[in-house]
Amino acid sequence: MMNISVCIATYRRPDRLALLLDDLAVQRLAPFEVVVVDNDAEGSAAPVVERQRAGARPLPLRYACQPRKNIALTRNRSVALARGEWLAFIDDDERAPPDWLHTLALAALAHRAAGVLGPVEPLLPPDAPAWIRRGRFYRWARMATGSVVPVNRLRFGNVLLRADLLAGDAAPFDARYGLTGGEDGDLLGRLVQKGARIVWCDEAVVVEPVEPARLRLRWLLLRALRGGQDHARHRLAGRFGPFPTAARIGFVLRAAAQAAAAAALALVAWPSGRHHAVYWLEKLAGNVGKLSQLLGWHYREYGGDHGSDHGSDHGEKVA
């Protein structure tokens, strides 16, 4: 039907990567190739790739190491290595059902789209705290298949793009986002501004097991803060349209008012359940992120040794 290079940026997740490669080996629509780019200077993904090559269902694999810690540079390397007419991007901690690639491809053809996004469904461990389960904090908005994805919901993790959209650009992902995240929304926003039509496919689901390190209030609030920073950064860059001075002033005033309201509502909601309060605390953190970005501060999510976070780039869950 079409030849697709599956691109995976990975960082110190050998067990998760091995499971994902097993999934890709049994796809209904076999990938043209799988490109794995390792952002660990020690090459921790290399043994996983070699084991897969030697296994019962070997994939056409290409492997490279990009040693500088930077998610944007790592994604760029995967694009440079890929030879398919279409590029599918999936995170190294996700699982792909057998129909995943086939379903994305059918949606691209049926809707004459330059790109297709699909859902990333969280899978909580059995021992996840009750307030985490009640809060549904890891779920993202879904749409009807064929809907054009709004520019503020563009993100990676489960996406298929025509390779020619990135042709001629040696660095399609902006390296300035390499330690903060947000490089995915920035790229997709630029593609849409150039006329690319990116649609949603609600049937092309991948699953993301939620790691224990993410079952914490601190992680949720930092991710919300980064989402707010991503949103403000893209607004400043014009990804959502013109952003003149008057609009910037209104943006700041709204963010400040929403932050204050969210703080008050978190206090009011706490007695009725921690999950209700955390919902508003996420809104508070997201709006603080918007304001802090306008002041020039960037939360470097990938700046430390965040092996549990690298590769998952779901960003803007803010009000």
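**Close-up views of a predicted model**

**View 1. Ring pairs link Phe89, Phe156 and Phe173 into a cluster.** The structure is a predicted model, in which local features need pLDDT of at least 70 and side-chain atom pairs count only at pLDDT 80 or more, while totals for chains, interfaces and linings use all residues. Residues are numbered from 1 along each chain as its sequence is written, and side-chain values use heavy atoms, with hydrogens and water left out. Searching the whole structure gives seven aromatic pairs, where rings of Phe, Tyr and Trp (its six-membered ring) pair if their centres lie within 6.5 Å, and planes under 30 degrees apart count as stacked, over 60 as edge-to-face and the rest as tilted. In one of these pairs, the ring centres of Phe89 and Phe173 are 6.1 Å apart with the planes at 75°, so this pair is edge-to-face. Because Phe89 belongs to strand β4 (residues 86-90) and Phe173 to the loop between β7 (158-162) and α6 (183-193), the pair ties together parts that are 84 residues apart in sequence. Both Phe89 and Phe173 are buried (under 20% relative accessible area, with exposed meaning over 50% and partly exposed in between, for a 1.4 Å probe and protein chains only).

**View 2. The rings of Tyr279 and Trp280 form an edge-to-face pair.** Their centres lie 5.0 Å apart and their planes stand at 85°. Tyr279 counts as partly exposed at 40% relative accessibility, and Trp280 counts as partly exposed at 28%.

**View 3. Helix α8 (residues 245-269) and helix α9 (residues 274-294) have axes that come within 8 Å and cross at roughly 155°.** That angle makes α8 roughly antiparallel to α9, a term for angles over 145 degrees, whereas those under 35 count as roughly parallel, 65 to 115 as roughly perpendicular and the rest as oblique. Helices here are DSSP runs (H or I) of at least four residues, and strands (E) are runs of at least two. The contact, meaning heavy atoms within 4.5 Å, includes Phe251, Val252 and Leu265 of α8 and His276, Trp280 and Leu294 of α9.

View 4. Most residues other than glycine have a negative phi. Arg12, in the loop between β1 (4-10) and α1 (14-24), has a positive phi of about 55° although it is not a glycine, and at 38% relative accessibility Arg12 counts as partly exposed. Arg136, in the loop between α5 (130-135) and β7, has a positive phi near 50°, and at 52% relative accessibility Arg136 counts as exposed.

Conventions. Axes are lines fitted to C-alpha atoms, for helices over the stretch in contact, and angles run from 0 to 180 degrees between N-to-C directions.
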